[in-house]
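Hi everyone, thanks for having me. Today I'd like to walk you through one protein chain, from its overall form down to a few side chains. Please have a look at it first.

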Amino acid sequence: MSMSKENQFSSLYAPITDEQILSIARDTFGEGCKVKQISLLKGGQFNTTYVFETEAPEGKWVLRLAPVEHAHLYSFEKEMMAVEAYIYGLLQAEDIPSSRVIRYDATGNSIARPYLLIEFIESVQLNDPSISPAEYSRLKKELGEHTRQLHAITSDRFGWPQPDGSIRGYDKWSGMLVELAAEVAEKCRKHHVFEDHVLNEFTAVFNDNRPLFDDITVPSLVHNDLWDPNVLVSRGKDGELHIAALIDADRAVYADREYEFIVYENQPDFLKGYGYELSMEVRPRARRVAYQIMMAFLCAFVYEVQIVKPDDADWCKQNGLQQLKAFHEIWGERNA
């Protein structure tokens, strides 16, 4: 099975054989299980993802395999797959549509890599061109409603959920941001993604402005990757498209709820569904720009080193520098 051009430069991605997939299916469903059809999904660069159909039982399943190489992973990425089933359990308890996990396995019995087996959902992604502008607007509103439900799930600590339900993190929001910024800067420095003085300016945004971030006292569960391809939609009994699942929730984090709005800050339908207006006052604006900075620098390393996509890396680097400038224009030294 050949590797798509979208995947071939990722140091994390690696296909497996049909025989290995059959072994996973039989280990999960029994020796009588037969695999009818296997498809490698294109576009995935972190996990390696397949869809396959079976007889005995009759069904269709998504198989996601963890990265083959860990040296370039952020610390929060190393256990993401293990925590994903726990996150979906939290969502389902609140009637938020999400993936149904059949199995997570890290034993190495069938294959040396951890994997997640999920029930396939007949659907299209929210960015599918078949969705009309009117449908898209309504679905964005529906997504805002579900995101409000998601953010109502709270914790007593900011940081990364663990498979046992504990939180690896901090009592204060600034603590988690400072830790993450330090790790992003360390990786970018090691691989010369940015110049040292730029990385020092980046970490100073979080180190020098802790009171700004500690305005936030409620850790809300944030999906942290809620762009259109991670929202599945399908047609309901009423004949209209509805959100079928929020997927790829493995990056979920307890954070300021506006950390989610890195993606949706200027989407009026989403905000209408969420029932919330973004404050244009200086402190919340500065925080949101800081979150944009964090994402740009984090992703610059991803595209420069983990997944070699130079154009995307260059865009992230330029965006990071622009957001740094914007932060200083909004916040300024007088507010430090």
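Let's begin with overall size: for 336 residues, a compact globule would have a radius of gyration near 20 Å, and this protein chain agrees with that at 21 Å. That radius is taken over C-alpha atoms, and the globule rule is 2.2 Å times the number of residues to the power 0.38. Along the principal axes, the C-alpha atoms fill a box of roughly 70 × 50 × 35 Å.

Before going further, a word on where this comes from: it is a predicted model, in which local features need pLDDT of at least 70, side-chain atom pairs count only at pLDDT 80 or more, and totals for chains, interfaces and linings use all residues. Residues are numbered from 1 along each chain as its sequence is written, and side-chain values use heavy atoms, with hydrogens and water left out.

How confident is the predictor? The mean pLDDT (the predictor's confidence in each residue, from 0 to 100) is 91, and 93% of the residues reach 70 or more. Over residues 1-8, though, the pLDDT is below 50, and this stretch has 18 contacts in the model beyond near neighbours in sequence. Contact here means heavy atoms within 4.5 Å.

Now the fold. The chain has 10 helices and 12 strands; these are DSSP runs numbered from the N terminus, with helices (H or I) of at least four residues and strands (E) of at least two. Among contacts between residues at least 6 apart in sequence, 68% join residues at least 24 apart. Of the 336 residues, 51% count as buried, where buried means under 20% relative accessible area, exposed means over 50%, and partly exposed is in between, using a 1.4 Å probe and protein chains only.

On to charges. Side chains of opposite charge can pair when their charged atoms come close. How many salt bridges does the structure hold? There are 22, counting a side-chain nitrogen of Lys or Arg within 4 Å of a carboxyl oxygen of Asp or Glu.

One of them joins the side chains of Arg251 and Glu77, at 3.8 Å from N to O. Arg251 sits in the loop between strands E11 and E12, and Glu77 in the loop between strand E3 and helix H2, so the pair ties together parts that are 174 residues apart in sequence. Are these two buried or exposed? Both Arg251 and Glu77 are buried.

Compare Asp314 and Lys317, whose closest N and O atoms are 3.9 Å apart in their salt bridge. They are 3 residues apart in helix H10, so about one helical turn separates them. Asp314 counts as partly exposed because its relative accessibility is 41%, while Lys317, at 16%, is buried. Arg251 and Glu77 come back here: salt bridges with shared partners join Arg64, Glu77, Glu84, Asp248, Asp250 and Arg251 into one network.

My last stop is Thr147, in helix H3, which spans residues 133-151. Thr147 counts as buried because its relative accessibility is 0%. A polar atom of the Thr147 side chain lies 2.7 Å from the backbone oxygen of Leu143. Which residues does Thr147 touch, leaving aside neighbours within four places in sequence? Thr147 is in contact with Leu226, Glu260, Phe270 and Tyr274.

Conventions: A polar contact is a pair of N or O atoms within 3.5 Å; within protein, one must be able to donate a hydrogen and the other to accept it, and residues adjacent in sequence count only if both atoms are side-chain atoms.
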